[in-house]
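Open the structure in your viewer and follow the stops below. Each stop gives a selection and what is there.

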Amino acid sequence: MTPIKIGVIGLGYVGLPLARLFATKYPVVGFDINKKRTAELQKGIDSTLEVDSDTLLKVLKTNPPEAAGLYCTTDPSALQDCNYYIITVPTPVDATNRPNLTPLLKASETVGNVLKKGDVVVYESTVFPGATEEECVPILEAHSGLVFNVDFYGGYSPERINLGDKEHTIDKILKVTSGSTPEIGKKIDALYKSVITAGTYLAPTIKVAEAAKVIENSQRDINIAFVNELAKIFKLMDIDTSDVLGAAGTKWNFLPFKPGLVGGHCIGVDPYYLAQKAQQYGYHPEIILSGRRVNDGMGQYVASEVVKLMIQKDIKIKTAKVLVLGITFKENCPDVRNTKVVDLIEHLESYGPSVTIYDPWAEKEEVRREFGLTLTTDLPTEKYDAVVLTVAHKRLLSLELRDMLKPEGILYDVKSVLQCEVEGRL
């Protein structure tokens, strides 16, 4: 039996924790096109903060390992001795919310160039049902000259990383697996089961596994859209949404979703992947797209609510100063991908005030490069006409936010987590 050697393509928020985990038991080559990223990883530095330095350094190797360990590189030739390839690259949407498979297809080319007979390629990136076999496999065949399910095999095991969560780590989250044949499905399942302590669930087909992933986040998106709409309705009725959800939550089967800005690389993206595939089959998914429209519009809604409160206090909007606390898409992590806080900032600025953005987690350069915005990671000391809490970082919740306001300033709590008195909240 040929010893297992794993190549992980894409060393971001998903790929690195997975590569590190497999490296405790198998030789692993981690490949990424980002030279800065791989150079940092080889020194034990993970800028995503998903894997701490001590944990990473324990498995790192300076060369492609023959025994358990992890070697990070930008050289695709280092992958040629692997027999399992796991692709964990981003699958974003473009400016018109259409799925952008470019990173996935480029990664497939990279693997196709080193693919050998008997190898197995597993995809973890979120896709629409059918993407693995209809979009990626033809590229693998074209670049390798091999035949799918004759010379090489495939599988799909959707990532379930919960960013910033140090309790529900990758090994403690049940893993869905699948294979292109029943036998390969069992092999892939056994591979993941060897390191995932929470266990695995072998889906009957790759398409089932793909569909399961895409509906996980679509379901959450729709439920959050529902409570976002409730927040708008209860605002008109002068009812506190948090109080309503607290009362309703006493019923055993009430789902505890909260209103907010819904961004990120999963919940804010996955519904569009499912929607496009449905439309290719001639079906227009009304509920899925309706939920997306509600959630995509929450940045504008919050901005207008903040401005209304400022007007009620006779604050001059065009000369006002507003502090936005948090720009990452979720708390206690540096990830700014598809963050909807940017929409809030854009709409706030359209009214005329000067907006300062403070986030101790995000990286200045990434925010500037991705959004053209200036971020400060030093706590501002001046007073503001309005302070808007957008992300519930623990560091932000420990601040005395009232001390950051002018006497007539307003405090708006997007996350509905502040215990102090606020002028507005979702």
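Which residues does T73 touch, not counting residues up to four places away in sequence? Select V29, G30, F31, D32, T38 and A78: T73 touches these. Contact means heavy atoms within 4.5 Å. T73 lies in strand β3, residues 69-73. Helices (H or I, at least four residues) and strands (E, at least two) are DSSP runs, numbered from the N terminus. T73 counts as buried, because its relative accessibility is 7%; the cut-off is under 20% relative accessible area (1.4 Å probe, protein chains only).

A note on the model: it is predicted, so local features need pLDDT of at least 70 and side-chain atom pairs pLDDT 80 or more, while totals for chains, interfaces and linings use all residues. Residues are numbered from 1 along each chain as its sequence is written, and side-chain values use heavy atoms, with hydrogens and water left out.

Next, select S178. This residue sits in the loop between β7 (175-177) and α6 (182-193). S178 is buried, at 0% relative accessible area. A polar atom of its side chain lies 2.7 Å from the backbone oxygen of Y156. Residues that S178 touches include G155, I188, L202 and A209.

Move to I9, Y85 and I87. They have the most contacts inside the largest nonpolar core, which has 41 residues. Such a core is a set of buried Ala, Val, Leu, Ile, Met, Phe, Trp, Tyr and Cys residues joined through side-chain atoms within 4.5 Å. Elements that each supply at least two residues of this core include β2 (27-31), β4 (84-87) and α10.

Finish on α10, residues 286-296. Buried there are I288, L289, G291, R292, V294 and N295. Their cover includes α7 (206-236), α9 (270-280) and α11 (298-312).

Technical notes: Buried < 20%, exposed > 50% of the residue type's maximum accessible area, 1.4 Å probe, protein only. Polar contact = N/O pair within 3.5 Å; in protein donor to acceptor, adjacent residues only side chain to side chain.
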